[in-house]
Amino acid sequence: MARSSSGIVAGLTVAALAAVGFLAFQAHANVPDSLGTPSGTVSVKTSAPKAPKTAKKDPNALPAPSGTGTRVVYSLGADRVWLVGAGDKVKRTFKVTPGTVDPAAGTYAVTSRTGLTPGSDGTQIEHVVRFTQVSSIAVGFSAAVDGTTEAPDPGKKLGGIRTSRGDGNAMWAFATVGAKVVVVK
């Protein structure tokens, strides 16, 4: 039995070498004449190959892992909000100025709304749409009545995510109590 096994292995080895030799001959026979002959210099590439070019991502495009259905999507990394309607169609997107306290990534629901009130930083705000709390600090969207969207005092713990007044109006009309809010990184 040992002799027949070694004969089979030897036969398979010879067949494999013949196949490789045949393929090498075909490759050599199909080399275009335009390649010429070696010039005697060797070129060594020392850098890694470049990644294939991909289309530039639209910074306004809805993030992929943001759920489905009608929802508000808030990106912590992009400081951007998308109001997404039926059929996953983006109705509006806009930049925001985050507070100093960020919510964790996840899915929330609008818990309360207030038309006009003083903000935690003392600024008069309107169209407040709250969706969570972080360590007893309310987190939600709002617009300053004076139209400012400046960064908050980093020394204070503030959960207000500021929008422009126009974007605040759109948020107010879109995000009623119970509306889904998806926070992504």
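The protein contains 2 helices and 9 strands, where helices (H or I, at least four residues) and strands (E, at least two) are DSSP runs numbered from the N terminus. The model is predicted, so that local features need pLDDT of at least 70 and side-chain atom pairs count only at pLDDT 80 or more, while totals for chains, interfaces and linings use all residues. Residues are numbered from 1 along each chain as its sequence is written, and side-chain values use heavy atoms, with hydrogens and water left out. Along the sequence the order of elements is α-β-β-β-β-β-β-β-β-α-β. Of the 185 residues, 28% are buried (buried, under 20% relative accessible area; exposed, over 50%; partly exposed, in between; 1.4 Å probe, protein chains only). Among contacts (heavy atoms within 4.5 Å) with a separation of 6 or more, 50% join residues 24 or more positions apart.

The largest nonpolar core comprises 19 residues, a nonpolar core being a set of buried Ala, Val, Leu, Ile, Met, Phe, Trp, Tyr and Cys residues joined through side-chain atoms within 4.5 Å. Val72, Val81, Leu83, Phe141 and Met171 have the most contacts inside this core. At least two residues each come from strand 1 (71-75), strand 2 (80-84), strand 6, strand 7, helix 2 and strand 9 (180-184); helix 2 supplies the largest share, 3 residues. A second, separate core has 5 residues, among them Val73, Trp82, Val84 and Val184.

The structure has 4 salt bridges (a side-chain nitrogen of Lys or Arg within 4 Å of a carboxyl oxygen of Asp or Glu). In one of them, Asp167 pairs with Arg92 at an N to O distance of 2.8 Å. This pair links distant parts of the chain, with Asp167 in helix 2 (residues 165-174) and Arg92 in strand 3 (residues 90-95), 75 residues apart. Asp167 counts as buried because its relative accessibility is 11%, whereas Arg92, at 34%, counts as partly exposed.

Arg165 and Glu126 are also joined by a salt bridge, at 2.7 Å from N to O. Here helix 2, which holds Arg165, is linked to strand 6, which holds Glu126, over 39 residues of sequence. Arg165 is partly exposed at 37% relative accessibility, and Glu126 is buried, with a relative accessible area of 11%.

A further salt bridge connects Asp121 and Arg162, whose closest N and O atoms are 3.2 Å apart. Asp121 lies in the loop between strand 5 (112-118) and strand 6 (124-134), and Arg162 lies in strand 8 (residues 160-163), 41 residues apart. Asp121 counts as partly exposed at 29% relative accessibility, while Arg162 is buried at 11%.

On a 1 Å grid over the protein atoms alone, a pocket is an open set of points where a 1.4 Å probe fits, with protein on both sides within 12 Å along at least five of seven lines; lining residues have an atom within 4 Å of a point. The volume of the largest pocket is about 400 Å³, taken as the space filled by probe spheres set on grid points that are joined across faces, edges and corners.
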